[in-house]
Amino acid sequence: MLHWALVQEGHAVNRKRVYRLYREEGLRLRRRRRKHVAAAPREKLAAATRPNERWSMDFMSDEFEDGRALRLLNLVDEHTRECPAIEVDRSLPAVRVVECLERAGAEYGFPETIVVDNGPEFASKALHAWAYRRGIQLHFIDPGKPVQNAFIESFNGSCRNECLNQELFVDVGDARRKIERWRRHYNEGRPHSGLGHRAPAEFGRKARGLRPRTPAD
């Protein structure tokens, strides 16, 4: 990923040299080992083929430096891999989920479908009423099967390794600033292997038929 980031910035650099320097400087990201679980038959959704065809949504938990709980609500477009929003606070009830979706939809356009797990905020009347008014389908994965929401799980892993595990959060305002800064980097500057090593925002603009962003923008 670092090699492709350097290439995007115009540097002519050998991939093996980047890797050697990366190892010499001890720049490994801390990774948590995943639990191995037996595979089980599950329903598969067809791959999204256009922006806003399908979003994924999920919560993450972290903590402040004093041990208080911190919660994140992450949104991802399954086609462009863009993250329309990350809502951050100590608690995020259903009404905040709706408010986050409304703001993200106003900026990016509203999705046709949102994939969610069976958490109480996603099963709430407030979210169902909002989705009905907007004409949006809520697709619930099977209980205990997070792999059915693979796009958001992959995004959560990147968020954990590249942001949450690297930052110390003093309060809500501090957490929002640092996480929003990472979200913008993820969208606009981070090469994504699933997009031909393009950044999600670049891929999204092309998918929407928009001109590439220039430094003047």
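Predicted model: local features only at pLDDT ≥ 70, side-chain atom pairs only at ≥ 80, totals over all residues.

What share of the 217 residues in the protein chain is buried?

Modeller: Buried residues make up 42% of the 217 residues in the protein chain. The chain has seven helices and five strands. In sequence order they run α-α-β-β-β-α-β-α-β-α-α-α.

Now to helix α6. It covers residues 172-188, 17 residues in total. From the first C-alpha to the last, α6 reaches 24 Å, close to the 24 Å expected at 1.5 Å a residue. At its start, a side-chain oxygen of Asp171 comes to within 3.3 Å of the backbone nitrogen of Gly173.

Next, the buried side of the story. The buried residues of α6 are Val172, Asp174, Ala175, Lys178, Ile179, Trp182, Arg183, Tyr186 and Asn187. Several elements cover them, including strands β2 (69-77) and β3 (86-89). Helices α3 (94-108), α5 (150-164) and α7 (200-207) are also among the covering elements.

Arg90 sits in the loop between β3 and α3. The C-alpha atoms of Arg90 and Val172 are 7.3 Å apart, although 82 residues separate them along the chain. Arg90 touches Val172, and also Phe64, Arg68, Ala69 and Arg71, leaving aside residues up to four places away in sequence. Even so, Arg90 is partly exposed, at 44% relative accessibility.

The structure holds 18 of them. In one, the side chains of Asp62 and Arg160 meet at 2.8 Å, N to O. Asp62 lies in strand β1 (residues 54-63) and Arg160 in helix α5, so this pair ties together parts that are 98 residues apart in sequence. Arg160 has a relative accessible area of 14%, which means that it counts as buried.

The other α5 residue is Glu162. Its side chain meets that of Arg190 in a salt bridge, also given as 2.8 Å, N to O. Glu162 lies in helix α5 and Arg190 in the loop between α6 and α7, so the pair ties together parts 28 residues apart in sequence. Both Glu162 and Arg190 are buried.

Glu87, Asp89, Arg96, Glu99, Arg103 and Arg176 are linked in it. Take Arg96 and Glu99, whose side chains meet at 4.0 Å, N to O. They are three residues apart in helix α3, so about one helical turn separates them. Arg96 is buried, with a relative accessible area of 18%. Glu99 is partly exposed, at 36%.

Now a step away, to a pair of strands. Strand β4 (residues 113-116) and strand β5 (residues 137-140) pair in the parallel sense over four bridges. Ile114 stands opposite Leu138 in β5. Between the two strands, the chain passes through helix α4 (residues 125-134), and this β-α-β crossover is right-handed.

Asn52 lies in the loop between α2 (15-24) and β1. Its phi is near 65 degrees, a positive value in a residue other than glycine. Asn52 is buried, with a relative accessible area of 12%. Arg81 lies in the loop between β2 and β3. Arg81 has a positive phi of about 65 degrees, although it is not a glycine. At 18% relative accessibility, Arg81 counts as buried.

Conventions:
Residues numbered from 1 in each chain as written. Heavy atoms only, no water. Expected span 1.5 Å × (residues − 1). Buried < 20%, exposed > 50% of the residue type's maximum accessible area, 1.4 Å probe, protein only. Contact = heavy atoms within 4.5 Å. Polar contact = N/O pair within 3.5 Å; in protein donor to acceptor, adjacent residues only side chain to side chain. Pairing = 2+ DSSP bridges. Right-handed = clockwise from strand over helix to strand, strands pointing away.
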